[in-house]
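Subject: Structure handover

Hello,

Here is the structure I said I would pass on. My notes follow below it.

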Amino acid sequence: MLNLFAQVVYLAAAEGEEPEGIDLVLPEINELIGGVIAFAVVFAAVWIWARPAIRRALETRQQAIAGQLEHAEEAKAEAQSLLEDYRQQLARAREEANRIVEQARHQAEGVRADLLAKAEAEAAERRRRADEEISAERERLAASLQDQFRDFSLEVAQRAVRQTIDRDAQLAIIDSTISEIGGLSLSPDGERS
Amino acid sequence: MTAEARIDGYAAAILEVARGEEQLDRVGDELYRIARAFESSVELREVLGDPRVPADRKLGVIDDLLGERVSPLTLNLVSFVVSAGLAVELPAIADRLAERAAAETGKVIAEVRTAVDLDQETLDRLAEALARATGKRVEVKSVVDPSVIGGLVARVGDTVIDGSVKRRLDDLRQQLSR
């Protein structure tokens, strides 16, 4: 284009005539032919040598963009996959956390229930032992009182017998015993009373 | 010499001495009663059985206790046994003496414990009753034992006849314990 413009300016200067009217707009035919030829030469040169280069550059650029787009898609897909994995892992982690918390809560409830049951059992056992001890102590006390009362009564009876039994009574008892002995028939190693 | 042989020897010697003095029955009875008293008195056993107590003091105790209550022969025989250091074996010697004396007449010893002294007539009736019951001729050795309270306890060999008030009270105590 620069060449064509330069030729037109050159031709105009070489004529030395000032155009008028429509001639101001219309080029001279020779200028037009030269311009067309120059344009054609330039166009052919561009078409022959520049176009393939431009085309290769565009293709390269297109391929690069396509590759980048593909990479971007792959990256996006990978990111999506990672995000999905992350979400799944997060969901699993939450489920696991919930499960652990629930399990811990169950265990805590179980431990609490066990401790409570154990404490209640121990308390019941202590109450039972205390009741048994109280009952045994009450029985021992009753037996002791009974023994004391019995011994006291017998001691009183023994003293009363000692005081009231005089020699005549003694001899009467002995005579009675002698009569009983006379009626006995004893084996050699037997005991009779 | 074993203890049994020693007891036998002293019993035989006392038997011969008492028989020679014609006091066998009296000496036998008195020794038997002394032996029972010795058995029932802890203080008497401690004094007469303690080797650290001088023999003179032991003989003084015996003289104080028995001097006017037993025959001089019995007192001398007891003093003889105690002087020999055999006070703790006095009951066994008295028992062996009684057994020997009774055996010579075909009798067995019947120990009778009562709370009061028995007269001879009662002792004779008791001997007859025991002879009928056991089928043996018996020689009664009477021992006063206040713990009997009333009635009597007779022992012939291994046979015991307990008709004492104490036994009846013990029976009552056992019944009340059930």
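Please keep in mind that this is a predicted model.

Chain A

Chain A holds three helices and zero strands. Read from the N terminus, its elements follow the order α-α-α. The chain has 193 residues, and 3% of them count as buried.

The contact between the chains

Chain A puts 24 residues into the contact and chain B puts in 29. On the side of chain B that touches chain A, the elements that supply two or more residues are helix H7 (120-134), strand E3 (152-156), strand E4 (159-162) and helix H8 (165-177) of chain B. H7(B) provides the largest share of that side, with eight residues. Sorted by class, the side of chain B that touches chain A consists of 15 nonpolar, eight polar and six charged residues.

Two helices of chain B

Two packed helices are described by the angle between their axes and the distance between the axes. For H1(B) and helix H6 (residues 90-104) of chain B, the axes come within 8 Å and cross at roughly 55 degrees. Because of that angle, H1(B) counts as oblique to H6(B). The crossing of H1(B) with H6(B) is right-handed. From H1(B), the residues making the contact are B:Ile7, B:Asp8, B:Tyr10, B:Ala11, B:Ala12, B:Ile14 and B:Leu15. From H6(B), they are B:Ala92, B:Ile93, B:Arg96, B:Leu97, B:Arg100 and B:Ala101. Ten residues of this contact between H1(B) and H6(B) are nonpolar, three are charged and no polar ones take part.

Two residues with positive phi

B:Glu22 is not a glycine, yet its phi is positive, at about 60 degrees. B:Glu22 sits in the loop between helix H1 (3-20) and helix H2 (24-40) of chain B. Is B:Glu22 buried or exposed? There are 9 other C-beta atoms within 10 Å of B:Glu22, and a residue with 12 or fewer is exposed, so B:Glu22 is exposed.

B:Ile149 also has a positive phi without being a glycine, here of about 70 degrees. Its place is the loop between strand E2 (138-144) and E3 of chain B.

Regards

Methods
Residues numbered from 1 in each chain as written. Chains lettered and ligands numbered in written order. Predicted model: local features only at pLDDT ≥ 70, side-chain atom pairs only at ≥ 80, totals over all residues. Contact = placed C-beta atoms within 7 Å. Helix = DSSP H or I, 4+ residues; strand = E, 2+ residues; numbered from the N terminus. Nonpolar A, V, L, I, M, F, W, Y, C, P; charged D, E, K, R; others polar. Buried ≥ 20, exposed ≤ 12 C-beta atoms within 10 Å, placed from the backbone. Axes fitted to C-alpha atoms, helices over the stretch in contact; angles between N-to-C directions. Parallel < 35°, antiparallel > 145°, perpendicular 65-115°, else oblique. Left-handed = near helix turned anticlockwise from the far one by under 90°.
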